[in-house]
Amino acid sequence: MMKFNTALLLLFLQLMIIGCKKDDRKQVSNSTGSSNDSVKTTKTTDDIDYNNFNIYNVSLVQRNELMDVFISVSDIYTDSLSIPSDFIKNQKNIPFEQLQYLELDGEHRKKMLSGMHLTENDSLYLFNYEFNKLQKTPLSKLKTVAYLTPYAPEGEEVDAGSYMIGFQIETQKGMDIFDRYSNAVAYFGNKDPFVQNKIKPMQWEKSVTDVSKKYFSGSKLKYGKTYQFKYNDLTYYLQDFLEDDIVQERKLAVINNRQEKIFEKTITTSGDGAEFTPLNGIETDGPNKFQWTGDLFKGKPPVVFGFVSQSFGCPSITFLDKRHKDITINCDNRH
């Protein structure tokens, strides 16, 4: 296998910095599921509004040979007047290097906050689930900025849609900043939606062969390897299905301590450029962690995510309860 740390870093930067078409960002793999009382929903003392709930990933943007840490909200905020009109009109008189980054003025900051249904009294809740570290920052302390997409070639006219709009978290840092944000999600609002210290990487092990026919059926593909992972009173089984000895789909089954199947999901790579991520403990070394499970959101069932890498689209988080729809992590993945 190739040196995956280097490849992962290059892929991460590509996904985080560039982005894709807005109409592709909601692609998720087909799934089916069933629920059972053994999957417990986390209790919460806060009333989190999940009707208009958006979470975001964290991007690293190279500028002046160093890295800026940035959260784009352009998947949600799509105002065609998000950039000052004078800046757009005078672009021929502005050096290309200066076109690549600007801090929004007060008027356009207010317009962005209004478009996001936010106020200066709201905060950023940035949760690194790998290190169980929650960072709360008032929005009043964060700059609203715009970065020109790297796909905008020098010498051609740009418009507001050529920019990634959002909040700057840190500026001009070295590449060692990567680890602090590679497993993190962000939320903007007035309440913390995250459950701390209840999520962990899924460390897979090879499973016994008789599990495959017991919990997985109905596929016309050839059965491949079966893996398992245990967490609390749940056992997760993952089954490979092959065509010409290549994994074409994976199926996940979650079993409770009474040997009942309480959830199942079919995982595919149907999106353009999508691929299965390496399995923790099987196809990766120690530092690389892709699949995660546990309680992530207050008042919601446990989650699983990290099985597919999207080249043209954004990743999603699946609840172990079919009554709850997947949540897409807004990532401004444009090409």
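## Charges over rings

A charge sits over a ring if NZ of Lys or CZ of Arg is within 6 Å of the ring centre and within 35 degrees of the ring normal. In this predicted model, Lys-300 lies over the face of Phe-319, at 5.3 Å from the ring centre. Another such contact involves Lys-213, whose charged end sits over the ring of Tyr-223 at 5.0 Å from the centre of that ring.

## Aromatic pairs

How many aromatic pairs does a search of the whole structure find? The search gives 20. One of them joins Tyr-215 and Tyr-237, which are stacked, with 5.3 Å from centre to centre and 20° between the planes. Tyr-215 belongs to helix 6 (residues 210-215) and Tyr-237 to strand 13 (residues 234-243), so the pair ties together parts that are 22 residues apart in sequence. Both Tyr-215 and Tyr-237 are buried.

Phe-319, the ring under Lys-300, is also a member of an aromatic cluster.

## Salt bridges

Side chains of opposite charge can pair when their charged atoms come close. A search of the whole structure finds 15 salt bridges. Among them is the bridge between Arg-63 and Asp-68, where the closest N and O atoms are 2.6 Å apart. Is Arg-63 buried or exposed? Arg-63 has a relative accessible area of 19%, and buried means under 20%, so Arg-63 counts as buried.

Glu-283 lies in the loop between strand 16 (275-276) and strand 17 (292-294), while Arg-250 lies in strand 14 (residues 246-255), so the pair ties together parts that are 33 residues apart in sequence. Glu-283 is partly exposed, at 30% relative accessibility, whereas Arg-250 is buried, with a relative accessible area of 4%.

## A buried and an exposed partner

Asp-321 forms a salt bridge with Arg-323, and their closest N and O atoms are 2.6 Å apart. Which residue of this pair is buried, and which is exposed? Asp-321 counts as buried, at 4% relative accessibility. Arg-323 is exposed, with a relative accessible area of 64%.

## A salt-bridge network

Salt bridges also link Glu-170, Lys-173 and Arg-180 in a network.

Conventions
Residues are numbered from 1 along each chain as its sequence is written. This is a predicted model: local features need pLDDT of at least 70, side-chain atom pairs count only at pLDDT 80 or more; totals for chains, interfaces and linings use all residues. Side-chain values use heavy atoms; hydrogens and water are left out. Rings of Phe, Tyr and Trp (its six-membered ring) pair if their centres lie within 6.5 Å; planes under 30 degrees apart count as stacked, over 60 as edge-to-face and the rest as tilted. Helices (H or I, at least four residues) and strands (E, at least two) are DSSP runs, numbered from the N terminus. Buried means under 20% relative accessible area, exposed over 50%, partly exposed in between (1.4 Å probe, protein chains only). A salt bridge is a side-chain nitrogen of Lys or Arg within 4 Å of a carboxyl oxygen of Asp or Glu.
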